[in-house]
Amino acid sequence: MDSDRVYDCLIVGGGPAGLTAAIYLARFLLDIIVLDAGDSRAALIPCTRNHAGFPEGISGVDLLARMRAQAEHYGAEILPAKATALRKRGAGFEVECPRGLLRAQTVLLATGVVNRPPPMLGPEEQNKALAAGLLRYCPICDAYEVTDKAIAVLGSGERGLKEALFLRGYSANVTLAAPDGAASLSAAHRTETERAGIRFLEGCNSVRIGEGAIELGFGSGTETFDTLYPALGSDVRSELAADVKAARSEDGCLLVDAHQRTDVEGLYAAGDVVLGLDQISHAMGEGGVAATTIRNDLAARCPLLRPSL
């Protein structure tokens, strides 16, 4: 790695937002690099069927591979490494990774979020359940695929109730299962579940993958469902932004303006790390907006259309 090289933009994150931005920026003839830790949430998608242009669906792994190939075709450099620290240095930035220190005029954070899985399932079981469609995280993406199925939502409170109500529009057989130890629903929330025809069960203490079904344990009994949606929240990967004191929401999402700028000059953010819809299409749109903003902001510093020259 060239320690004297200063990239026009360093993108942290190789998911839909980061790779869309990389494609745009490379085609803007800028000198860019993507740090891809290989843990994009999109890679967990067995098959997405609501992504425009793929009527038969496409797996998250295949979609990301296509996007990486497209970005590299236009000259983007993609480094399989995790960014571990971010520092402001003058008008630019320094980013640490296991391969060394990288410098850039601008940085785009597209680091996404991590879903909180059912604590009763280990990583191997989770992957198996995801691949089989027994475990799902995004009803906006795939509730269509479980129309009229027996659906369980693992959660409680406002978050669990909202997810169960959304899924009730696809099936009359929806159960809201509160994890063992979780607070019970309020009287008002119970009234909503009853009005919507949603069952509410408390004390879920186990999740087991069966043959074509998923089993939830409640004390000494079990219930069998076609699929399970955990409504346990997610963790935002915005730690790097904290290194440079960028503004974040209470949940840790990065706060940006309409052009994906944070409140730290030269730092941008796009995708699920920004409060939004948590959809591939939305992340791609923000990646395109961020890339165009970065190009224009760099050009404002230098009258040339190719700021790296």
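In strand β2, which residue is the bridge partner of I11?

Guide: The partner of I11 in β2 is V34. Before we go on, keep in mind that this is a predicted model, where local features need pLDDT of at least 70, side-chain atom pairs count only at pLDDT 80 or more, and totals for chains, interfaces and linings use all residues. Residues are numbered from 1 along each chain as its sequence is written, and side-chain values use heavy atoms, with hydrogens and water left out.

Helices (H or I, at least four residues) and strands (E, at least two) are DSSP runs, numbered from the N terminus. Two strands count as paired if DSSP finds at least two bridges between them. Strand β1 covers residues 6–12 and β2 covers residues 32–35. These two run parallel and are joined by four bridges. On the way there is helix α1 (residues 16–27), and β1, α1 and β2 together make a right-handed β-α-β unit. Right-handed here means that, with the strands pointing away from you, the path from the first strand over the helix to the second runs clockwise.

β1 has another neighbour too. Six bridges join β1 to strand β6 (residues 100–109), again in parallel, and V6 stands opposite R103 in β6. How well covered is β1? Six of its seven residues are buried, where buried means under 20% relative accessible area, exposed means over 50%, and partly exposed is in between (1.4 Å probe, protein chains only).

Now for another strand, β9 (residues 174–179), where six of six residues are buried. In a regular strand the side chains alternate between the two faces of the sheet. In β9, V174, L176 and A178 sit on one side, T175, A177 and P179 on the other, and all of them are buried. Look at A177: its relative accessible area is 0%. A177 and G160 are 17 residues apart in sequence, yet their C-alpha atoms are 8.5 Å apart in space.

β9 also has partners. Strand β8 (residues 151–154) runs parallel to β9, with four bridges between them, and A152 faces T175 of β9. The chain goes from β8 through α5 to β9, and that crossover is right-handed. Also parallel to β9 is strand β10 (residues 199–209), again over four bridges, and P179 has C204 in β10 as its bridge partner.

E202 makes one with R190, with 3.4 Å between the closest N and O atoms. E202 lies in β10 and R190 in helix α6 (residues 187–196), so the pair ties together parts that are twelve residues apart in sequence. E202 is partly exposed at 43%, and R190 is partly exposed at 29%. Side chains of opposite charge can pair when their charged atoms come close. The structure holds 16 salt bridges, one of them between E94 and R87, again at 3.4 Å. E94 is buried at 14%, while R87 is partly exposed at 25%. R87, R89, E94 and E96 are linked in a network of salt bridges.

To finish, the cysteines. A disulfide is a pair of cysteine sulfur atoms within 2.5 Å, and there is one in this structure. C138 and C141 form it, with their sulfurs 2.4 Å apart. The link is right-handed, with 70 degrees about the S-S bond. C138 counts as buried at 18%, and C141 as partly exposed at 22%. C253 is in no disulfide either, as the nearest cysteine sulfur, that of C138, is 15 Å away. Both C9, at 0% relative accessibility, and C253, at 7%, are buried.

Note on methods: Salt bridge = Lys/Arg side-chain N within 4 Å of Asp/Glu carboxyl O.
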